[in-house]
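Biologist: Can you put the model up? I would like to go through it with you.

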Amino acid sequence: MIAIVAGGTLTLGGVAHAQPVADEPVISDEAFESRLPPLDPALGEPLQPIGDFEGPAVPVPAEPVPDAALPDPALAQPLPPLSTFDVTTPEATDDGDATELAPVRYSLTVEGLDEVGLAGRFRDLSALEQADGEAANGAMIAARAREDEALAIRLLRSEGYYDGTAVAAIEQVPEQPGRLRVVLTAAPGQRYDFGEIALPGPETVPPGLPRSELPLKSGDPIVAAIVEGAEANLMLRLPEQGYPFVEIGPRDVLLDPATGLGDYTLPVEPGPRVRFGGYRTTGDLAFDASHVGVLARFERGALYDSRKVDDLREAMVATNLFSSVSAEPVRTGETAPDGTEYVDILVRQDAGPPRSLTATGGFSTGQGFRLEGAWEHRNLFPPEGSLRVAAVAGTKEQSLGVTFRRSNAGKRDRTLLLTLEAGRRDYPAYEGYTALLSGRIARESTPIWHKRWTWAYGAELIATNESRFRRRDFNQPSDTYFIGGLVGQIGYDTSDSLLNPTSGFRLLARANPEVSLKDGANPYIRNLIDGSAYYPVSEDLVIAGRARFGSIYGIERSNLAPSRRLYAGGGGSVRGFGYQELGPKDSENNPIGGRSLTEFALEGRYRFGNYGAVAFIDAGQVYESQTPRLSDLRYGIGVGGRLYTNFGPLRVDVATPINRQPGESRISLYISIGQAF
């Protein structure tokens, strides 16, 4: 680019140069010609023909001169064929025949960049610096020095020093043979600031929208990173305000050395202002366009906002039904009443494998080993209707269950769950055979889509045959219970992760009105309040705390099915004790449960790389009363290890009870996935 700028300067390639001023001639052409010496007239005569030219005679020998004798007879032998020639480089022998050249060592001194804050960035990228002061020869050092000269100039220009220069000199270090010093000297020159900022192009609604979204100011230094960030912000913000087809042309910065300013020009073509229209979908479909509309958070006629399109794409990713999925606007040519244009959202689907097999396992003192395996078809009943068959095999629990789940059931984030399960449980508190039928509508968090507010409501029917508690002197007859109830809960979560929270807090409140039909109708209500908080002391250390209170109102403990009572102890409750071990016990020291509970936990989580260490103290107790109390709390302390993976931490905790009572284990072990809370 060549341009003339004010002040009589010429800009060439972005750098301005002064123009020479025209003067009167020093001597006229006539005077110059008159003072030239005359030429020799013979120079103008024609040349003599070559045939007439006679030169000195050359003597010719009377007899032929014989060939000179070769010093080595082998030179007269024919050359060997190329196929027999060995081109392998000889290897060095142990007797030291081959010698290795010592490397050339050097040091690097940088001058002129520290004053403008570029010395650190230069050394991070320097070819000389990265070679650790060693090269095979001087030519290699010189080549690296030339690279670093260009690097220094690029860095200076990226910060607005467009007149900057850099020169590298290589010199011998006195009294140190074979060692060189490279001195790179930079002269930044003046720093250019923004002058006028212009964005030519069609007008927008509201007027001047591109300029308002380009965060550049006249008088600020011309810094390349800031310019690129400002242009990226423009390309991001206009699609959020109705202009998804915006395009920008090549930028132009015109520098004026006289003022130290650069005029910035960026052509902007905003394209049409558009509104949301309908939906289209193509590819290997997991569901149709109508279900895409269920996932979208915008209606037809709303002003286009790229954030809502991104939200739609993330919601589709969260379904776990796709190998790949994308969403983009396409023009329709249909005009809206206000003169804007409708655009459709084109969703490109590539459905992934819908079936999966999963397995999880764990161990805890009192509960023993527990292994769960499941088969699931995530889209057996489109759209998003899954069927899951799961089996649990454990030392204390065996069960088989079938769950139907429809995600985004008629509304975004609404889930319908129907569960049928039958199983056997053999715990110290009771042994029971249970059948469960439940239905629930919920708004839940997932690892991909973490929600702040969650809720659930539903109903369940339970038929269970259970022994109340164990006696060694006789077999306790079992009781059969028929229980029907409602389920309601609400949660609030500001934590930063479901499986490994490091900041924020969680609150959960649950109320379950139930009716037990054993010996008549016995209505009661089960309540639970649970809260936890996470505080990052440093990047590696997190302090976490939890409190839980539960109660059952309206029924005597003896009329409650043992499986519906409250218990404490175990890896998700009070560590240091076995599963359901805390609280009232019978004469055989077996837990019989209660109608209220209190639990606390405090732990410090220290992480180093993909590993972590935890120290904790838990407290809790179960009471026969309906109202939880703070008396007679039992404590457990322990330590644990964590292995952090991409799906959550693997947890191993070891704990011991304080003031251990008869029948309680000295050491309790817990292994599972995810933090304790």
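Modeller: What follows is a short walk through the chain, from overall figures to single residues.

Biologist: Is this experimental or predicted, and what is the mean pLDDT of the chain?

Modeller: This is a predicted model. The mean pLDDT of the chain is 87, and 86% of its residues reach 70 or more.

Biologist: Where does pLDDT stay under 50?

Modeller: Over residues 1-22. The model has 39 contacts beyond four places in sequence for residues 1-22. Where pLDDT is low, the predicted coordinates should not be read in detail.

Biologist: Fine. How many helices and strands are there?

Modeller: The chain has 8 helices and 31 strands.

Biologist: And what share of the residues is buried?

Modeller: Of 677 residues, 38% count as buried. The chain exposes about 38000 Å², and carbon and sulfur atoms supply 58% of that area.

Biologist: What about contacts between residues 24 or more positions apart?

Modeller: They make up 56% of the chain's contacts with a separation of 6 or more.

Biologist: Switching to rings. How many aromatic pairs do you get?

Modeller: The count is 18 aromatic pairs. Phe 276 and Tyr 304 form a tilted pair, with 5.0 Å centre to centre and 35° between the planes.

Biologist: Where do those two sit in the chain?

Modeller: Phe 276 is in strand β13, residues 274-284. Tyr 304 is in the loop between α7 (289-295) and α8 (306-318). The two residues are 28 residues apart, and their pair links distant parts of the chain.

Biologist: Are Phe 276 and Tyr 304 buried or exposed?

Modeller: Phe 276 is buried, and Tyr 304 is buried as well.

Biologist: Which residues are in the cluster with them?

Modeller: Ring pairs join Phe 276 and Tyr 304 with Tyr 279 and Phe 298 in a cluster.

Biologist: Now charges over rings. What sits over Tyr 481?

Modeller: The charged end of Lys 518 does, 5.9 Å from the centre of the Tyr 481 ring. Elsewhere, Arg 575 lies over the face of Phe 616, at 3.8 Å from the ring centre.

Biologist: Last topic, Asp 311. Which helix is it in?

Modeller: Asp 311 is in helix α8.

Biologist: Why does Asp 311 count as buried?

Modeller: Because its relative accessibility is 15%, and buried means under 20%.

Biologist: What does Asp 311 touch?

Modeller: Leaving out residues up to four places away in sequence, Asp 311 touches Arg 297, Arg 412 and Trp 449.

Key: Residues are numbered from 1 along each chain as its sequence is written. This is a predicted model: local features need pLDDT of at least 70, side-chain atom pairs count only at pLDDT 80 or more; totals for chains, interfaces and linings use all residues. Side-chain values use heavy atoms; hydrogens and water are left out. Helices (H or I, at least four residues) and strands (E, at least two) are DSSP runs, numbered from the N terminus. Buried means under 20% relative accessible area, exposed over 50%, partly exposed in between (1.4 Å probe, protein chains only). Contact means heavy atoms within 4.5 Å. Accessible areas come from the Shrake-Rupley method with a 1.4 Å probe; for residues, only the protein chains shown count as cover. pLDDT is the predictor's confidence in each residue, from 0 to 100. Rings of Phe, Tyr and Trp (its six-membered ring) pair if their centres lie within 6.5 Å; planes under 30 degrees apart count as stacked, over 60 as edge-to-face and the rest as tilted. A charge sits over a ring if NZ of Lys or CZ of Arg is within 6 Å of the ring centre and within 35 degrees of the ring normal.
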